[in-house]
Amino acid sequence: MPFIPHTQEDTKTMLDDIGELSIEALFDEIPEDLRNGQLHATPEGMSEMAMLRLMNERARQDVVQMSFLGAGAYEHHIPGAVWELASRGEFMTAYTPYQAEASQGTLQLIYEFQTMMTRLTAMDVSNASVYEGATALAEAMLMAVRANKKSRSKRLLCAGNVHPRYLQTCRTIITNQQIDIQEIPWRQDRGLLDHGYLDGMQGEDFAGLVIASPNFFGGLEDVDYLTDWAHEQGMLVIGVVNPTALGILRPPGEWGDAGADIVVGDGQPLGIPVASGGPYLGYMCCRAAIVRQMPGRIVGRTVDLDGKEGFTLTLQAREQHIRRARATSNICTNQGLLVTAASIYMSLLGDQGLYSVAARCHHNTALLAKKVLALGNVSLRFPEPFFHEVVFELPKPAADVLAGMSRQQILGGYDLGLFDNRLENCLLVNVTETKTGGDIEQFVQSLAHALE
Amino acid sequence: MLIFELGNRDRSARAQYEADEPVTDIPEVYLRSEPAGLPEVSELQTVRHFTSLSRRNFSIDGQFYPLGSCTMKYNPRGAHRAASLPGFLNRHPLAPENHSQGFMACLYELQEYLKDVSGMSAVSLTPMAGAQGEFAGVAMIRAYHDKNRDDERSEILIPNAAHGTNPATAVMCGYRVREVPVTRDGDVDIAELKDAVGPQTAGLMMTNPSTCGVFDRRVQEIATIVHQAGGLLYYDGANMNAILGKVKPGDMGFDVLHLNLHKTFATPHGGGGPGSGPIGVGEKLQPFIPTPVVGLRRVNDKDFYYWLDEGDIPDSIGCLSAFMGNAGILLRAYAYARMLGREGMHRVGEYATLNANYLAVQLRKAGFQLAYPDRRAAHEFVVTLSRESRELGVNAMDFAKRLLDYGYHAPTTYFPLLIPECLLIEPTETESREEIDGFVQAMASILREAKEDPDMVRSAPHTMPVKRLDDVKAARELDLSFTSD
C-alpha cells in the first residue's frame, strides 16, 4: 500500500487491541448514509516509476523558450547550492517552529533572513514573509489603515502603475473590509505617476500611499518627492520594490526625508524559479514604531534558562492562533522553504554579487534597447531611466509580434495591451543576467523578423 | 553563530556571478550609496552554515511528528522530483496556453480529483494556503448574499473548538463572529445553535471531524438548521485526512470548503510554508469562484486546456495572487494523487483512523486520560493531563518538552482551547505500529519521571540545542534583526 506501512498482521493486532474486528467499525459514529466515499473520477494508482514517466511526458510537452518575459516573475541564475541545501529534509519536512527548542535551525534562519531584508531595504524590521508579492501588498494596505492613527479614513492611494494583478488581488482581499483604493493615474508620456493628480488630492484624508519603483513598466519614480508629499499629508508610505533592484537602487528606508514606512515585494528573484507562479515569497518590512501592526510570523532573539542565545517566534499576540477574531490577519503561513532558498541565495551573492547581478540585468536591458532602437521602426514608449524592464512601442500590435517571435522559439515579453488598451502596440521586455550578447542579438533579429 | 559573524569583508562566493561594470547611466539620485550589508562568506562557508542549521531542526524525515490537526505525514520524494522537472520549474507563469498544456493537464485533472473526494461541483486551485482558502470561501458566501441583496446577514457562526483562522477569516471578510459551544461529548450543541441562527446569519464555519478529534454525528441536522435560516456552510478541510475516501463534505451538506494539500495530499510543510488551500464549491457558489480556473475544450479533435478568468466568471470574487497560486505544490499533490489512486485514497482515511484509535487505546492503557473516552477517535484525539498537572505539578507543556528529549516532536499543546492541559495527537497513516508503540513507551516513561523526579520533567528539554526560551524577554526587548556593533 503506497506510503502505508501496515502489514496484515499489524492491522489485525491493532484492531485486536482496540477490540474491533474491522477498520470499518471505527467509523460507526458516522451516519451510515454519509459513509459513501466512492471515488469515480480518480483513476487507479500507479507506481512512482509510472508516475514519473507520465510527469516527464507532461513536462516535456511544455515548451520553454528563451524568455524575455518578466512582468512580476524573473528568471535568474540560481546557484546550485541553493536548492541542494533547501531541499534537505530537515528544512523541507519541518513544520512551523512552534516548538522552539526543536526548531532552532529554522528559527535562526528566519532571523538571518529578517536581518538580510532589513539591510537590503534599510528598514527597521522584517517579518518571516507572507505568500507572495501581491498578497504582501494587500496586507501592507490593511496594516497602513490600522497603523495610521492620524487618518480616520479607510482609503488608500495606490500607484496606477503597480503590477496590475497586485492591484486586483488587493481589491479582492481588502474591499470586504470597506476599504477603498483610489488609483493614481500614470503619465502617458513618461509612464510615471502624475504628480499633478496628487496636487488635487492635497488635504484629503488617506491612510497611505502605495509607490512602486521600479514600476510595472520598469521605470523609476521620483520616490523622494512622493514620499515627502505623502508624509506632509499625514499618510504612510508603502513601497513596492523588486529586491534585485536593491542591489543598485537606493533602498526605500532612504526615500525622501523620513523613508518609507512599509516595504513589500516578491522575493522570487532571490533564488526561486519562475515555476508557473509559485510558490514564491512575499517580503514585508516596516519601521519599528508600527511593528505591532505587522501581520505574519516574526522571529526574535532571546536567551534560554541558562542564558544561552536562542531564537523564538515572538509578538504572537498579534496572530490568529492566540488573538482569533482580533488578529492582525488570518495568515498562519510564512513561506518557510522559500525563505530558506532566498537566505542561501543572498548569502552566496553578498553585496558584491547582488550588485553585479542587478548591474548586469540593467546593462543587458540597456544593450537590448539600444539594438532594438537601431531597427528604426521601434521606439521607447517611456523615457529612461529604467531598471531591467523596458517598454517598446511597435508599429503593430504586440500580440501579433509575440506570436511571430514565438515561432522562432522566443518568448518576447508581455503584451501591454492586456494591461491598458492604449498600450496595444507596446511590449514590456525584461532582460536578466542570464542572457548573453548572442541571446540579445537573437531577440533583436527575431523581433525584426516579426515586424516584417 | 550567525552567518553575519562568519563574514570577512570582500569575501563572497565568486563562482556565482560575474563582476560587472558599475552602473553609470542611471542618475545618482536613484542609486544606493552604501552596500546593504549582506553576508560576506565563501560558498563552502555558506554550505556548512546552512547544513549545520538544518541539523538543529526536527522534521518528518527525522522524527515522528504527531502534531494534531497538522497531518504531518510522509512527503513522498517522488512527488518532489516530479514537480522539480525542468519543464515545470522553468515555465513562466504568463507563458501562453499552447506552451503549457502539460502543466495545465495536471491541474485540470487535480481539480477533477478534488471534486471527486470532496463531493463538490467546482474547484479552484488558486488559494495559496488553508487560511487563504478560508478567506476565498467566506468572501464567496458574502458575494452570494450580496448578489441576492440579502445584506442583513452580518454574522458567521463558529463552534468554539475551531481553529483560530476561522474567526480571523470571518473578520477579514467584514463579518462579526458568534461562537457556538460544543457539548460535553464534543459535538456542536444543537440547542445553542438553534438559538444562535437567525436572519443575521451569513453562514457557519466548521471542521468535521472537529479539533476535539471526533466526528460530529449530527452534522446533517446542523446543515439543515443553518440552511433553513438562510445561511451557508463552510467546511474547514484541515481534518480531511480523517475521512478521505470515506465521507464527502458535500454529502454532509456543506456549500464550500478548502482542502489543505500540505496536509491531506502530503506536500511538505517547508518549516512553515508553502501550503496550498484549493477551494471546492457546490452549485450555489460556483458563479463566485476565485480565478483562474483551468477549463477544458475540444479544439481540432484534441483536448485543449485554457484559463478561465474574470471574463469567463464575471461574478468571481477575483484573483488571490499575482499569478495562479502555488503551482509547485499543486504538482506535488497531483503526483501524490496519481500514485495513491482511488484505492490508495480510500486507505488514507482508514489507516489514519486506525492509527489514531490504536494510539488512543494504548495511551489509555498506559494510564492517560482521554478527553472524550466514550467517543471513537477520528484521525486524531485529545489527551488531557489536568490530573497530572494537579497531582504532580507537571503540565501538558512539560510533557511536550520532555518528548523532544525522547526524539518525538510534541503533539499540539493547549488546543482545542476548551480542554484544559491537553495534547492533540495525530499519528497519520504513514507511521508504523512500532513507531506508535515507541511513542506510547516514551509517554509512559515521562509519566513515571513526573512522579519520581518532576523537576527534571519541568525543566525539559535537556538534550536540545537550547533549553526553554525566555519568551517574555523576546517580546519585551525586541531583537528582530542583527546589528553588528
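This is a predicted model: local features need pLDDT of at least 70, side-chain atom pairs count only at pLDDT 80 or more; totals for chains, interfaces and linings use all residues.

Author: Helix 6 of chain B and helix 7 of chain B are oblique to each other, where angles under 35 degrees count as roughly parallel, over 145 as roughly antiparallel, 65 to 115 as roughly perpendicular and the rest as oblique. The axes of helix 6 (residues 130-147) and helix 7 (residues 165-172) of chain B cross at roughly 45° and come within 9 Å. Those axes are lines fitted to C-alpha atoms, for helices over the stretch in contact, with angles from 0 to 180 degrees between N-to-C directions. Helices (H or I, at least four residues) and strands (E, at least two) are DSSP runs, numbered from the N terminus.

Residues are numbered from 1 along each chain as its sequence is written, while chains are lettered from A and ligands numbered from 1 in the order in which they are written.

On the helix 6 side of chain B, the contact is made by Gly130(B), Ala131(B), Glu134(B), Phe135(B) and Val138(B). Helix 7 of chain B brings Thr165(B), Asn166(B), Thr169(B), Ala170(B) and Met172(B). Contact here is C-beta atoms, placed from the backbone, within 7 Å. By class, this contact has 5 nonpolar, 4 polar and 1 charged residues (Ala, Val, Leu, Ile, Met, Phe, Trp, Tyr, Cys and Pro are nonpolar, Asp, Glu, Lys and Arg charged, and the others, Gly among them, polar).

Chain B also has an open sheet of 4 strands, antiparallel, in the order 10-11-13-12; strands pair if DSSP finds at least two bridges between them. Strand 10 (369-370) and strand 12 (412-413) of chain B stand at the edges with a single partner strand each, so one side of each has no neighbour in the sheet. Strand 12 of chain B pairs with strand 13 (residues 422-425) of chain B over 2 bridges, and Thr412(B) stands opposite Leu424(B).

Helices lie across this sheet too. Helix 12 (residues 327-365) of chain B lies across strands 10, 11 and 13 of chain B, at about 15° to strand 11. Helix 14 (residues 396-405) of chain B lies across strands 12 and 13 of chain B, at about 45° to strand 13.

Methods
Two residues are in contact if their C-beta atoms, placed from the backbone, lie within 7 Å.
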